[in-house]
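Below are some notes for a colleague who is opening this entry for the first time. Please read them with the structure in view.

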Amino acid sequence: MIGVSKLLVGSENYGDRLRYASGSHGQRNGAVEGYGPVVAWNVSRTCNLHCIHCYSDSDEIDYPGELTTQEAIKFIDELADFNVPVLLLSGGEPLMRPDIFELVAHASKRNVRVTFSTNGTLITPDVAKEIKKYGVGYVGISLDGIGENNDKFRGKKGAFEEALNGIRNCLAIDQRVGLRFTINKHNFNDLENIFNLIEEEKIPRVCFYHLVYSGRGGSMMEEDMTRQEAREAMDLIMAKSVEFHKKGFDCEILTVDNHADIVYLYLKMKDKDPVLAEKIWKLMQLNGGNRSGIAFANVDSQGFVHPDQFTQNHTFGNVKERPFKEIWSDTSSNPILAGLKDRKPLLKGRCAKCKWLNVCNGNFRARAEAVTGDFWESDPACYLTDEEIGL
């Protein structure tokens with residue numbers, strides 16, 4: 001994650017202590033000394049929508065072999081013992097799991113901060129109250145366009161209004177909530193309208209995701225932004241971060257899944273404001289770039305451990321059979337896990353030669369593998385020019 005508002009206007013946010021803490025750069029098993037990784041857990045693959053870019057290829061059916069309540073509670077205990085700072089509950093749709101609030105309550109009891117990644121359509125006023133009651137730290141609700149454009153992505157007419165009502169229901173009771181938006185060719189022109197919506201609804205946080213070619217999203221490679229569009233999107237995101245700050249609207253703005261963003265932002269500020277650029281440079285070095293397999297992990301609904309939720313084709317073990325900490329810390333049994341923890345010597349192409357490698361860490365391996373078939377090749381979504389990366 002790139003904290004655009006943090007870097008440009010100095011906003012203070014919960015996740016800063018993980019993204020920009022001293023000791024985070026180069027950590028092999030956690031974001032900060034003494035911590036395990038942030039874990040994204042697909043608590044269920046079942047979903048009430050059918051999104052065209054879904055990395056887990058979810059549908060409204062039951063999937064066999066998912067963790068039982070007792071297996072899930074045992075898993076949460078393992079995460080707590082490993083000092084995992086954040087547990088992101090995702091899916092599918094996490095709110096379709098019948099015991100979801102029992103699991104949230106147990107994680108809270110074990111002092112693991114719980115967040116939700118949800119499509120928001122099931123968050124009625126009563127569900128919002130349950131979310132707040134059980135201590136969910138943050139709810140990220142996905143929108144991928146305005147009105148019908150979003151509904152086309154989501155595979156359901158009316159999904160936009162249902163998700164927006166979910167956001168409103170959280171805001172109404174002061175439950176921390178934000179918007180998630182995956183940018184691609186189909187919704188690139190909706191960016192300005194999304195910012196208008198954020199301002200009108202006073203949504204305090206937004207994460208702009210770059211498309212990753214995984215699951216159903218694997219068929220959308222040709223529908224990703226061009227390099228020029230990616231730069232234009234970043235220009236708008238940066239401009240809106242500054243504009244909102246000047247208006248006194250406190251909105252945390254982040255981009256996700258493309259560390260070219262932080263280099264692009266730094267280069268822009270280096271020309272425009274060298275003093276601010278120096279501050280950004282220090283934070284960039286603390287962040288350390290992509291940390292899949294280092295400070296970020298994924299566990300799917302059946303208990304299999306992966307480097308991140310977009311790389312579920314690589315599996316390191318199963319929490320039904322072995323404690324999560326043992327799986328995550330064992331670099332002897334899987335070359336991908338070992339490689340991710342020390343990837344720089346393995347990278348190829350532009351990534352291997354890039355002068356920003358220490359602050360990007362090779363960007364996203366899932367895209368490289370999807371396009372080239374080679375896990376260690378260059379990330380094709382890097383939109384920096386050869387000149388900008390020092391070739």
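1. Glutamate 229 is buried, because its relative accessible area is 19% and the cut-off for buried is under 20%. This value, like the others here, comes from a predicted model. The side chain of glutamate 229 forms a salt bridge with that of lysine 185, at 3.8 Å from N to O. The two partners are 44 residues apart: glutamate 229 belongs to helix H9 (residues 227-247), and lysine 185 to the loop between strand E6 (177-183) and helix H8 (191-201). Lysine 185 is partly exposed, at 36% relative accessibility.

2. A second salt bridge, between glutamate 388 and arginine 231, has an N to O distance of 2.8 Å. Arginine 231 is in helix H9 and glutamate 388 in helix H17 (residues 386-389), so this pair ties together parts 157 residues apart in sequence. Both residues are buried.

3. Within helix H9, lysine 247 and glutamate 243 are four residues apart, about one turn of the helix. Their side chains meet in a salt bridge of 3.1 Å, N to O. Glutamate 243 is partly exposed, with a relative accessible area of 28%. Both residues belong to a salt-bridge network that also links Glu192, Glu199 and Lys240. The structure holds 21 salt bridges.

4. Arginine 113 is found in strand E4 (residues 113-118) and is buried, at 19% relative accessible area. Beyond its neighbours within four places in sequence, its contacts include Tyr14, Pro85, Tyr138 and Arg176. A polar atom of the arginine 113 side chain lies 3.3 Å from the backbone oxygen of glycine 137.

5. Helix H10 (residues 260-272) has 13 residues and reaches 19 Å from first to last C-alpha, close to the expected 18 Å. Among its buried residues are Tyr264, Leu265, Tyr266 and Met269.

Key: Residues are numbered from 1 along each chain as its sequence is written. This is a predicted model: local features need pLDDT of at least 70, side-chain atom pairs count only at pLDDT 80 or more; totals for chains, interfaces and linings use all residues. Side-chain values use heavy atoms; hydrogens and water are left out. Helices (H or I, at least four residues) and strands (E, at least two) are DSSP runs, numbered from the N terminus. The expected span of a helix is 1.5 Å times one less than its number of residues. Buried means under 20% relative accessible area, exposed over 50%, partly exposed in between (1.4 Å probe, protein chains only). Contact means heavy atoms within 4.5 Å. A polar contact is a pair of N or O atoms within 3.5 Å; within protein, one must be able to donate a hydrogen and the other to accept it, and residues adjacent in sequence count only if both atoms are side-chain atoms. A salt bridge is a side-chain nitrogen of Lys or Arg within 4 Å of a carboxyl oxygen of Asp or Glu.
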